[in-house]
Amino acid sequence: MALIKTENLSMSYENMTVIENLSFEVNSGDYLCIVGENGSGKSTLIKALLGLKKPSVGAITFGDGLLQKEIGYLPQQTNAQRDFPASVYEVVISGCLNSRGIRPFYSVKERKLTLENMSRLGISELKSRSYRELSGGQQQRVLLARALCATKKLLLLDEPVSGLDPMVTAELYGLISEINQSGVTVIMVTHDMSAALKYASHVLCMREDDCFFGTTAEFMKSDAANFLKGETERG
């Protein structure tokens, strides 16, 4: 059974239909990149996957024991979030909040998981540093470690390399790929077509008049790839 499946999904925003009749599925181990025009509904789709917005029509179903609250989410950062006055450890362990429930304190298991994910992302030495003092690349590693604390199955990443320099971008993509190869499914919204085509197993291309979903190889042979190439060249 698919990890996530959408069937004939339609979504509205401010009384306008931004997604219409969208169907796709994500299986365990997939690396899905979501690309497309501005205003095509990518952000609205993310909200729907996280349960923050209900479909107008259609349904989103979860399988393989995945619960919506167990999705590890790395959002686009605002300036206020970049200036968050907490330690790296406090930010990372906050990814365990859903699993902690009503317990007043984090468990030994959750604290151990936090340290493991910090080590996995190469940020252990930053444990006591203030998050607001870190570079953009370091902050994204912290947020990725936080997202991993929330899930064992699925990461949802919204423009994870936005504003980062090329070297840091390459390093972060490498880390995300390693996480995917370890068995964690990845859904990433991106404007970076080169990364999508290099790392993704599947592509969801969202356009106002037509959407494409398929493997990366199928996408490369489709009209959607030619359209996005033209958009990139004009941009």
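Thr61 is partly exposed, at a relative accessible area of 31%; the scale here calls a residue buried under 20%, exposed over 50% and partly exposed in between, with a 1.4 Å probe and protein chains only. Thr61 sits in strand S4, residues 57–62. Helices (H or I, at least four residues) and strands (E, at least two) are DSSP runs, numbered from the N terminus. Leaving out residues up to four places away in sequence, Thr61 touches Leu3, Ile4 and Lys5, where contact means heavy atoms within 4.5 Å. Thr61 and Thr169 are 108 residues apart in sequence and 32 Å apart in space, C-alpha to C-alpha.

A word on the source. This is a predicted model, in which local features need pLDDT of at least 70 and side-chain atom pairs count only at pLDDT 80 or more, while totals for chains, interfaces and linings use all residues. Residues are numbered from 1 along each chain as its sequence is written, and side-chain values use heavy atoms, with hydrogens and water left out.

Next, Leu32. Leu32 belongs to strand S3, residues 31–36, and is buried, with a relative accessible area of 1%. Not counting residues up to four places away in sequence, its contacts include Phe24 and Val26, then Val186, Ile187 and Met188, and also His202, Val203, Leu204 and Phe213. From Leu32 to Leu164 there are 132 residues in sequence and 21 Å in space, C-alpha to C-alpha.

Asn180 is in helix H7, residues 166–181. Is Asn180 buried or exposed? Asn180 is buried, with a relative accessible area of 13%. Its side chain reaches the backbone oxygen of Asp30 at 3.2 Å. Neighbours within four places in sequence aside, Asn180 is in contact with Gly29, Asp30 and Tyr31, and with Thr185 and Val186.

Now His191, in the loop between strand S7 (185–189) and helix H8 (193–199). At 49% relative accessibility, His191 counts as partly exposed. The side chains of His191 and Asn38 are joined by a polar contact of 3.2 Å. That term means a pair of N or O atoms within 3.5 Å; within protein, one must be able to donate a hydrogen and the other to accept it, and residues adjacent in sequence count only if both atoms are side-chain atoms. Beyond four places in sequence, His191 is in contact with Gly36, Asn38, Lys42 and Glu159.

Glu159 has a phi near 50°, a positive value in a residue other than glycine. Glu159 lies in the loop between strand S6 (154–158) and H7 and counts as buried at 12% relative accessibility. Asn21, in strand S2 (residues 16–26), also has a positive phi, near 55°. Asn21 counts as exposed, at 51% relative accessibility.

Last, a helix pair. The axes of H5 (residues 108–120) and H6 (residues 136–149) come within 9 Å and cross at roughly 140°. Axes are lines fitted to C-alpha atoms, for helices over the stretch in contact, and angles run from 0 to 180 degrees between N-to-C directions. H5 and H6 are therefore oblique to each other; under 35 degrees counts as roughly parallel, over 145 as roughly antiparallel, 65 to 115 as roughly perpendicular, and the rest as oblique. Which residues of H5 meet H6? Leu113, Thr114, Asn117, Met118 and Arg120 in H5 meet Ala145, Leu148 and Cys149 in H6.
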